[in-house]
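Here are some notes to read beside the model, going from the whole chain to one part of it. Please keep the structure in view as you work through the points.

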Amino acid sequence: MSRTRRIDQTLVARAQKLVATAADIHQLRAAQAVLLPALLGASLEKTAALLGVGRATVPRLQAEFGAQLSGQPILRKSWGGRRHALLSVAEEKEFVSSWLTKAEAGELIVLSTMRADLEKKLGRKIAPEVFYRLVRRQRWRKVAPDTRHPKSDPALQEE
């Protein structure tokens with residue numbers, strides 16, 4: 001069984017005041033994340049279930065509440081994507097723009113050579129799907145010529 005969390009009584013008193021005057025749901029949840037374990041002895045799992053949040057969110061809410069009352073800035077992690085990006089957004093645009101000038105000049109761009117160039121720049125192999133997602137993010141698409149003209153006549157060409 002996990003150990004019970006010891007919460008300062010001044011923090012509990014402030015949380016009780018804030019529950020009555022909370023301006024938004026985040027403030028209310030942060031105050032309740034302090035009160036439920038302190039007054040009812042609820043575990044992280046029970047507190048999370050009562051608040052309708054994940055188990056890992058309860059200590060985060062408690063830390064934010066404590067920091068808010070002590071006047072410290074609240075440092076929140078960014079939960080957005082691109083955690084494992086090979087290149088930054090600007091670097092991706094720069095890489096693709098070097099090939100864009102060739103494409104605008106009328107050169108035929110082969111994605112396998114473009115991928116090999118990126119692998120050389122990064123110094124390691126990358127999966128084809130990773131590269132194709134990069135190309136798609138930059139709004140590039142495959143444009144290939146038709147194998148034959150739709151109005152062509154094979155019999156006429158034989159003559």
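1. A residue is called buried here when its relative accessible area is under 20%. In this model, which is a predicted one, buried residues make up 23% of the 159 residues in the protein.

2. The protein has eight helices and zero strands, and its elements, read from the N terminus on, run α-α-α-α-α-α-α-α. The radius of gyration is 29 Å, well over the 15 Å that the globule rule gives for 159 residues, so the protein is more spread out than a compact globule. Taken along the principal axes, the box that the C-alpha atoms fill is roughly 95 × 35 × 35 Å.

3. Among the contacts in the protein with a separation of 6 or more, 46% are accounted for by residues 24 or more positions apart. As for the surface, the protein exposes about 12200 Å², and carbon and sulfur atoms supply 54% of that area.

4. Helix 6 is worth a careful look on its own. Helix 6 covers residues 111-122, which is 12 residues, and from its first C-alpha to its last it reaches 16 Å, close to the 16 Å expected at 1.5 Å a residue. Helix 6 is followed by Gly123, whose phi is positive, near 80 degrees.

5. Which residues of helix 6 are buried? They are Met114, Leu118 and Glu119, and because they cover an arc of only 140 degrees around the axis, they lie on the same side of helix 6. These buried residues pack against helix 5 (89-104) and helix 7 (128-137).

Key
Residues are numbered from 1 along each chain as its sequence is written. This is a predicted model: local features need pLDDT of at least 70, side-chain atom pairs count only at pLDDT 80 or more; totals for chains, interfaces and linings use all residues. Side-chain values use heavy atoms; hydrogens and water are left out. Helices (H or I, at least four residues) and strands (E, at least two) are DSSP runs, numbered from the N terminus. The expected span of a helix is 1.5 Å times one less than its number of residues. Buried means under 20% relative accessible area, exposed over 50%, partly exposed in between (1.4 Å probe, protein chains only). The arc is that of the directions from the helix axis to the C-beta atoms. Contact means heavy atoms within 4.5 Å. The radius of gyration is taken over C-alpha atoms; the globule rule is 2.2 Å times the number of residues to the power 0.38. Accessible areas come from the Shrake-Rupley method with a 1.4 Å probe; for residues, only the protein chains shown count as cover.
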